[in-house]
Amino acid sequence: MEPRTVRMIALGFFALALALGALQQAPAEDAKTSYPSMAPLDQYLIADRNAEIALARTAAPSSISRNAKVMVLGPHGYETAADGNNGFVCMVERAWMNPFDSPEFWNPKNRSPICLNPPAARTVLPITLMRTRLVLAGKSKEEVKQSVKAALEKKELPALEAGAMSYMMSKDAYLTDKGGHNMAHLMFYMPLGTVWGANLVDSSNNVSEPFPGSPLLLAPSYKGNPEPIDMFLMETGMWSDGTAAQ
Amino acid sequence: MNPKRFAAIVSMPLALIFILGVAPLGRAQDSGPLYERMAPIDQYLMTDRNTEIAFARTAAPESISRDAEVLVLGRHGYETVVKGKNGWVCVVERSWMAPFDDPEFLNPDQRVPLCLNPPAARTHLPLTIKTTEFAMAGQSKSQMFDSIKAAYDKKELPLPEPGAMCYMMSKQQYFSRKVGNADPHLMFWFPQKDNLSWGAEFPGSPIDVHEYSPQPITEFDISVSKWSDGTPAPVTSGAQ
């Protein structure tokens, strides 16, 4: 499978993971890496389509992902590469699903396998598809953000459904340049302002702990900027293949 | 609450329960047919109100529970004994909040602290309060089943609001003879009509699910790695 070279979520996610002790301390040089603009398209693509399908499926236990629809990234956006029959959709997200102000927004090494449950497939996936389509059309970060904002205002993007969640338990994910690059976790998509007692991370990698001891983290993604979604993370402690995640 | 997958991790937690005096174990019922009917009410009560308050707060990290409202069980139902200021409510549930088909539905030893977030306090706590009132009024299990069903049918009880969830991370929690204090976990509630799929109970999934009856509620449970006091929980088959 080609992308063992696969790489990384947001700097914020690293911070979240670090807060949980899930990732190792980052080498100092990692912090200096930055991605001021989009890299050549090829760097975001996975040459072997079957490798991308397989990588996407590693986001969730095979009992779920084997019957999921799978989408892979093409030059103009995501394409359906395998039909599913359980309502889940698996794909490999790229760095532009980070917050718009994330230093790693254009990190071409990012490979973030995710399997979305049916409500998320209906109401969160359209955001991913739209952001991706705009990025691959050469839009700037600000243009992407404004287009998503306009689409939300015109209700061209669906309202978040209750119970939307996703699995991100791939051992082969590359979520950030920092630390161990990865964290096995679930994500829950909630309306803005949902009170779950979660600790907070901003997209500049600052962690604040209003609730020390909470197993929940509020990711920096979305958060009304512009998508009206609070995305909570919960570490699973095990990878999708059943092995322990440290 | 749905502790069915949780590993049985019994000896130390039981010792802790004894130390804290929160769950008097080893009653006369233990030698006969178990929990077929309600035990004397005193067996469900905790004699020391401050102990019950402290116990309820152990459901969540102190950073959450210290500002929560706290309810304790009296002879006729739950009473508010501490006003909160963060919208959360902590309470020690008793065995009748287990599914009706749980063989320990009337186990007087069960003590399960929860801290409910604001949506759950508005829409799940009423179920706890109502069920407990029925139990304390002496209703049989089948009467309680009918009463709860009627309450939902008449819309006297609300369906879970979006985002309703709770913390159950007390090291001293005691579910049953079978699972002891189980493991720390979070619970998330939805209306059954939502027909949600979280991939729960699939091999390798860290999520459990329970469909209640007659309560039209779907409950997802996810284990966490630490108790509310920050100490690590034993590894189970769930998320750690």
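In the predicted model, B:His124 is in contact with B:Leu116, B:Pro119, B:Trp189 and B:Ile217, when neighbours within four places in sequence are left aside. The position of B:His124 is in the loop of chain B that runs between helix 4 (118-123) and helix 5 (125-136). With a relative accessible area of 7%, B:His124 is buried, because the cut-off for this class is under 20%.

Chain A was examined for its overall composition. Its secondary structure comprises 6 helices and 10 strands. Of its 246 residues, 59% count as buried. The accessible surface of chain A amounts to about 9,200 Å², and carbon and sulfur atoms account for 51% of that area.

The strands of chain A form an open sheet of 10 strands with mixed pairing, in the order 2-1-3-4-5-6-10-9-7-8. Strand 1 (residues 69-74) and strand 3 of chain A run parallel and are joined by 2 bridges. In this pairing, A:Lys69 has A:Val89, in strand 3 of chain A, as its bridge partner.

Aromatic side chains were considered next. For A:Tyr44 and A:Trp96, the ring centres are 5.1 Å apart and the planes stand at 55°, so the pair is classed as tilted. This pair links distant parts of the chain, its members being 52 residues apart. A:Tyr44 belongs to the loop between helix 1 (11-20) and helix 2 (49-57) of chain A, whereas A:Trp96 belongs to the loop between strand 3 (89-93) and strand 4 (112-116) of chain A. A:Tyr44 has 0% relative accessibility and therefore counts as buried. A:Trp96, likewise at 0% relative accessibility, also counts as buried.

Aromatic residues of chains A and B are also brought together in one cluster. From chain A, this cluster includes A:Phe188, A:Trp196 and A:Phe232; from chain B, it includes B:Phe188, B:Phe190, B:Trp198 and B:Phe220.

Definitions and conventions: Residues numbered from 1 in each chain as written. Chains lettered and ligands numbered in written order. Predicted model: local features only at pLDDT ≥ 70, side-chain atom pairs only at ≥ 80, totals over all residues. Heavy atoms only, no water. Phe/Tyr/Trp six-rings, centres within 6.5 Å; stacked < 30°, edge-to-face > 60°. Helix = DSSP H or I, 4+ residues; strand = E, 2+ residues; numbered from the N terminus. Buried < 20%, exposed > 50% of the residue type's maximum accessible area, 1.4 Å probe, protein only. Areas by Shrake-Rupley, 256 points an atom, 1.4 Å probe, with all protein chains shown as cover. Contact = heavy atoms within 4.5 Å. Pairing = 2+ DSSP bridges.
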